[in-house]
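Work through the exercises below with the sequence and the model at hand. Each task is followed by a solution in steps.

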Amino acid sequence: MANLVSPETLEICKQAAGIAGNIFAFGLFVSPIPTFRRIIRNQSTEQFSGIPYIYALLNCLICAWYGCPFISSDNLLVTTVNSVGAVFQLSYIIIYITNTEKPKKFKMSALLVAVFALFAVISIGSMLITDLEFRHLLIGFLSCFTLISMFASPLSVMNIVIQTRSVEFMPFYLSLSTFLMSTSFLLYGVFNFDPFIYVPNGIGTILGIAQLALYFYYHDKSKEESSEPLIESVA
């Protein structure tokens, strides 16, 4: 690609894809707001789990660290999007801890401390590595692994959609935002020749397409079933 397209054009395309990815990611970050409004209103976390936000925070911290100049070159937009994401996830976790019952408060607080402790070990440990290439590979593989795990998490929801033939638990705009963000950062990684970005986001794009396909298939099925006339029993 570098031989066919000028470096200036590649840079413009990369920046455009990265900015688009930041914008679409914002849609993902704000999607839990209705849930946390309900938690604040009811002053209870009910049956909601806080674990996904703990894992999302760790993922954002590691990916933001990977984008830093002393880990990988020219990936600042990766740091910005994940830094914003980390702030959102931390806010959600604090709200969760504030409004949940005492046993869960302790568990979530302990997990939050563990996340920051683990990130401190990763960040400080990586800076002690003098081999810059090995440092880049180590954090790159870590960020790639956590990101793929995040993208794979909706698989359980997709299974529920297939079993129940209902898209109630798979919001359309959340699936759309996931697809658009993944596609944007897939292109960003390709334009930047960075497999640690385009590989996980390529997987995210495929899973995003699968979610949207399931949504439209079962959404249309639900419409058809609801439009069928009721048959009264004459027995």
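**Exercise 1. Describe the secondary structure and overall extent of the protein chain.**

Solution. The protein chain of this predicted model has 9 helices and 0 strands. Read from the N terminus, the order of elements is therefore α-α-α-α-α-α-α-α-α. Next take the extent: along the principal axes, the C-alpha trace spans about 80 × 55 × 25 Å. Then take burial: of the 235 residues, 40% are buried. Last, consider contacts between residues at least 6 apart in sequence: 76% of them join residues at least 24 apart.

**Exercise 2. Compare the record's transmembrane regions with the helix content of the model.**

Solution. Start from the record: an unreviewed UniProt entry lists "transmembrane region" for residues 16-36, 48-67, 79-98, 110-130, 136-160, 172-191 and 197-218. Take two of these spans in the model. Residues 16-36 are 90% helix and 0% strand, with end C-alpha atoms 32 Å apart. Residues 136-160 are 92% helix and 0% strand, and their end C-alpha atoms lie 38 Å apart.

**Exercise 3. Determine how helix α1 is oriented relative to helix α4, and which residues make the contact.**

Solution. Helix α1 covers residues 7-30 and helix α4 covers residues 76-99. Their axes come within 9 Å and cross at roughly 5 degrees. Angles under 35 degrees count as roughly parallel, so α1 and α4 are roughly parallel to each other. On the α1 side the contact is made by Q15, G18, I19, G21, N22, A25, F26, F29 and V30. On the α4 side, L77, T80, V81, V84, G85, F88, Q89 and Y92 take part. Sorted by type, the residues of this contact are 10 nonpolar, 7 polar and no charged.

**Exercise 4. Which residues of the largest nonpolar core touch the most other members, and which elements contribute to this core?**

Solution. The core has 40 residues, and L57, I93, F185 and Y188 touch the most other members. Two or more residues each come from α1, α2 (33-42), α3 (51-66), α4, α5 (102-127), α6 (132-152), α8 (172-191) and α9 (195-227). The largest share, 9 residues, is that of α3. Now look at F185: leaving aside neighbours within four places in sequence, F185 is in contact with G18, G21, N22, L77, V78, V81, I197 and N201.

**Exercise 5. Find where Q43 and D74 lie, and state the phi value of each.**

Solution. Q43 has a phi near 55 degrees, a positive value in a residue other than glycine. Q43 sits in the loop between α2 and α3. With a relative accessible area of 63%, Q43 is exposed. For D74, phi is likewise positive, near 55 degrees. The loop between α3 and α4 holds D74, which is partly exposed at a relative accessible area of 42%.

**Exercise 6. Is L132 buried or exposed, and how far apart are L132 and I71 in sequence and in space?**

Solution. L132 is placed in helix α6. Its relative accessible area is 57%; exposed means over 50%, so L132 is exposed. In sequence L132 and I71 are 61 residues apart, while in space they are 7.4 Å apart, C-alpha to C-alpha.

Methods: Residues are numbered from 1 along each chain as its sequence is written. This is a predicted model: local features need pLDDT of at least 70, side-chain atom pairs count only at pLDDT 80 or more; totals for chains, interfaces and linings use all residues. Side-chain values use heavy atoms; hydrogens and water are left out. UniProt positions are given in the numbering used here, feature names are shortened, and annotations may be inferred rather than shown by experiment. Helices (H or I, at least four residues) and strands (E, at least two) are DSSP runs, numbered from the N terminus. Axes are lines fitted to C-alpha atoms, for helices over the stretch in contact, and angles run from 0 to 180 degrees between N-to-C directions. Angles under 35 degrees count as roughly parallel, over 145 as roughly antiparallel, 65 to 115 as roughly perpendicular and the rest as oblique. Contact means heavy atoms within 4.5 Å. Ala, Val, Leu, Ile, Met, Phe, Trp, Tyr, Cys and Pro count as nonpolar, Asp, Glu, Lys and Arg as charged, and the others, Gly among them, as polar. A nonpolar core is a set of buried Ala, Val, Leu, Ile, Met, Phe, Trp, Tyr and Cys residues joined through side-chain atoms within 4.5 Å. Buried means under 20% relative accessible area, exposed over 50%, partly exposed in between (1.4 Å probe, protein chains only).
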